[in-house]
Amino acid sequence: MSETGATTPAVDITVPTRPSMHLGSRFLKALCWAAGFVTIGVLLLIIAYILVNGLPEFFSRDEQGTLHFKASLFALKYNSRNLSMLPAILNTLTMTALSLLISVPLGVGGGIYLAEYAKPGSKLVKIIRVTAETLAGIPSIIYALFGMLVFVVTLQMGISMLSGALTLGTMTLPLILRQTEESLLSVPMSYREGSYGLGAGKLRTTVRIVLPVAMPGILAAVLLSIGRISGETAALIFTSGTGTGIAGINDSGRTLAVHLFKLQEEGRAVGASFAVAVVLLIIVVLMNALSSYIAKRLTKKG
Amino acid sequence: MRGLFLASACVCIFAVGVICYFLFANGLPFFAKYSAWDFITGTEWAPLRGIYGILPMIVGSFLVTFGALLLGAPIGVLTAILMARFASSRVVRVMKPAVALLAGIPSVVYGFFGLKLLVPFTRNMLGGNGLSMFVASILLAIMILPTIIQTSEAAINAVPNSYYEGSLAMGATHESSVFRAIVPAAKSGIVSGIVLGIGRAIGETTAILMVAGNQARMPTGILAGVRTLTVNVLLEMGYAADVHRESLIATGVVLFIIVMAINFIFSFINRRRVVQ
């Protein structure tokens with residue numbers, strides 16, 4: 001193993017090692033490695049535990065002992081016998097699309113304003129930053145109360161996908177706003193100057209030149225938001241509810257995460273719960289992988 | 001177009017305004033019927049008899065968070081030091097996405113994992129019925145790890161290399177340079193990461209609800225069940241009506257104020273760091 005570490009300074013200095021001295025520091029270093037192993041170990045334990053218990057749930061054996069894919073888990077209609085997760089999967093897609101329809105235009109638009117139009121250090125910009133930070137720090141149970149009081153009750157949307165999406169749209173807004181602003185700010189000034197020099201206006205420069213360059217960063221934020229939306233439970237239970245069917249915009253419908261929560265609460269179908277957990281885990285891993293792949297391509301270009 | 005962009009940026013301000021207004025407008029009327037002092041210091045929660053004391057939940061929230069910190073903060077900070085200064089770049093390339101993944105796992109999956117593995121394990125090894133403050137703290141510690149690691153690592157990486165070189169030049173080893181020169185210089189960044197972790201832990205709901213037992217009484221021990229403020233809202237909002245419902249929204253108000261205070265401390269530490 002590389003004992004001396006990777007981040008030795010740019011100047012080549014031979015690091016003196018005197019094992020007799022600084023025993024405390026060497027002990028602390030060992031503790032660092034131990035902590036690192038715990039962190040990675042916990043992640044592997046969670047993933048392995050869910051996969052080992054969940055994957056077999058997708059299959060069943062018949063009398064001859066041959067394995068069959070359990071298609072009933074993906075039946076069009078949920079009932080207490082098949083415990084199908086297909087409606088929940090479709091509802092998750094609807095919820096994700098609706099929420100992003102709200103948070104992406106607002107977040108990207110707001111990010112464009114902060115990065116391209118606003119005077120840096122103006123009072124308004126400061127307030128927008130503080131409120132975005134506040135929104136990002138509010139726990140999901142408070143969003144649940146907000147969604148219930150504002151959309152479900154006051155605006156009379158009822159317990160519906162729309163109420164849930166508006167709630168989650170608000171929740172993911174600061175993530176997209178901040179990432180858009182940062183991505184736009186990292187685009188070199190020379191791009192804008194070149195565009196102005198060719199006679200393009202402010203809006204044209206922003207939309208045609210700067211925004212496309214910043215796109216990978218914005219996309220990474222969108223993918224992370226998808227992960228957050230599909231994993232959210234607390235904020236949805238009182239806004240989009242726990243309906244078991246394939247939900248339209250005005251219907252109550254449970255997403256996958258809420259489905260897992262309800263199955264657990266009803267205390268039945270441990271097997272089906274594990275299967276849902278596997279699907280949730282796969283979604284999150286996929287979104288994370290895509291997001292970091294895009295981010296890596298972004299840094300390579302830069 | 002400029003106006004449109006400005007309007008979307010202002011949605012954040014609008015949203016915070018609406019959240020505050022509706023939370024307080026629906027929560028505060030409760031205090032006209034029930035004394036705020038009795039609400040916050042009452043040790044009994046019995047909505048059926050019209051007794052609303054949330055002290056057990058306030059204590060529960062803080063105890064669970066404290067337990068999570070006791071475990072999560074050292075592991076998180078040490079992992080961050082490892083990633084920033086000891087591990088080779090190949091190891092870091094594996095650890096970074098792993099930490100991001102840890103942050104991405106939904107809380108309901110954490111809760112499910114805790115319920116199926118940690119709860120029975122605790123029941124068999126330590127006794128009690130397993131649904132306990134102990135398991136809730138362990139689970140929360142795992143959940144706040146990525147927050148602490150990412151913030152601390154950034155803070156450690158931001159320390160100028162000259163600190164390290166200066167320490168080496170004085171004859172210190174690599175290890176003691178890291179622990180005596182770099183880490184102390186990154187202290188405020190590390191502390192702000194921990195504060196951010198506290199904010200996350202206090203606000204966590206679903207995972208805790210699934211493993212903590214949720215008894216609405218003063219916590220009696222680490223192997224006994226506990227109910228937090230967040231869980232109180234999620235657990236009873238579904239069927240509560242009238243004064244009971246208002247009391248739950250008031251619980252949300254108390255939680256909101258605690259979280260805002262923590263966020264304020266976080267940005268205060270950050271601002272001081274920038275000034276330095």
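Which residues does the domain assignment of chain A give to domain 1, and which to domain 2?

Modeller: Domain 1 of chain A is 23-59, and domain 2 is 85-301. These bounds come from an automatic or database domain assignment. The C-alpha centres of domain 1 and domain 2 of chain A lie 29 Å apart. Eight residues of domain 1 of chain A are in contact with seven of domain 2 of chain A. On the domain 1 side, five are nonpolar, two polar and one charged. Contact means C-beta atoms, placed from the backbone, within 7 Å. Nonpolar covers Ala, Val, Leu, Ile, Met, Phe, Trp, Tyr, Cys and Pro; charged covers Asp, Glu, Lys and Arg; the others, Gly among them, are polar.

Some ground rules. The model is predicted: local features need pLDDT of at least 70, side-chain atom pairs count only at pLDDT 80 or more, and totals for chains, interfaces and linings use all residues. Residues are numbered from 1 along each chain as its sequence is written, while chains are lettered from A and ligands numbered from 1 in the order in which they are written.

Now chain A as a whole. Helices (DSSP H or I, at least four residues) and strands (E, at least two) are numbered from the N terminus. Chain A has ten helices and two strands, in the order α-β-β-α-α-α-α-α-α-α-α-α. Its radius of gyration is 25 Å, well over the 19 Å of the globule rule for 302 residues, so chain A is more spread out than a compact globule. That radius is taken over C-alpha atoms, and the rule is 2.2 Å times the number of residues to the power 0.38. The C-alpha trace spans about 70 × 65 × 35 Å along its principal axes. Of the 302 residues, 45% are buried. Buried means 20 or more other C-beta atoms within 10 Å of a residue's own; exposed means 12 or fewer; partly exposed is in between; C-beta atoms are placed from the backbone. Of the contacts in chain A between residues at least 6 apart in sequence, 71% join residues at least 24 apart.

Take helix α9 of chain A, residues 256-265. Eight of its ten residues are buried, so the rest of the structure largely encloses it. Among them are Leu256(A), Ala257(A), Leu260(A) and Phe261(A). Just after α9(A), Gly267(A) takes a positive phi of about 70°.

The largest nonpolar core has 173 residues, and Leu280(A), Ile81(B), Leu139(B) and Val211(B) touch the most other members. Helix α7 of chain B (residues 133-157) gives the most to this core, with 16 residues. The core draws at least three residues from each of domain 1 and domain 2 of chain A. A nonpolar core is a set of buried Ala, Val, Leu, Ile, Met, Phe, Trp, Tyr and Cys residues joined through C-beta atoms within 7 Å.

Finally, the interface. In all, 74 residues of chain B contact 79 residues of chain A. Helix α1 of chain B (residues 2-27) supplies the largest share of the chain B side, 17 residues. That side divides into 50 nonpolar, 20 polar and four charged residues.

Definitions and conventions
Contact = placed C-beta atoms within 7 Å.
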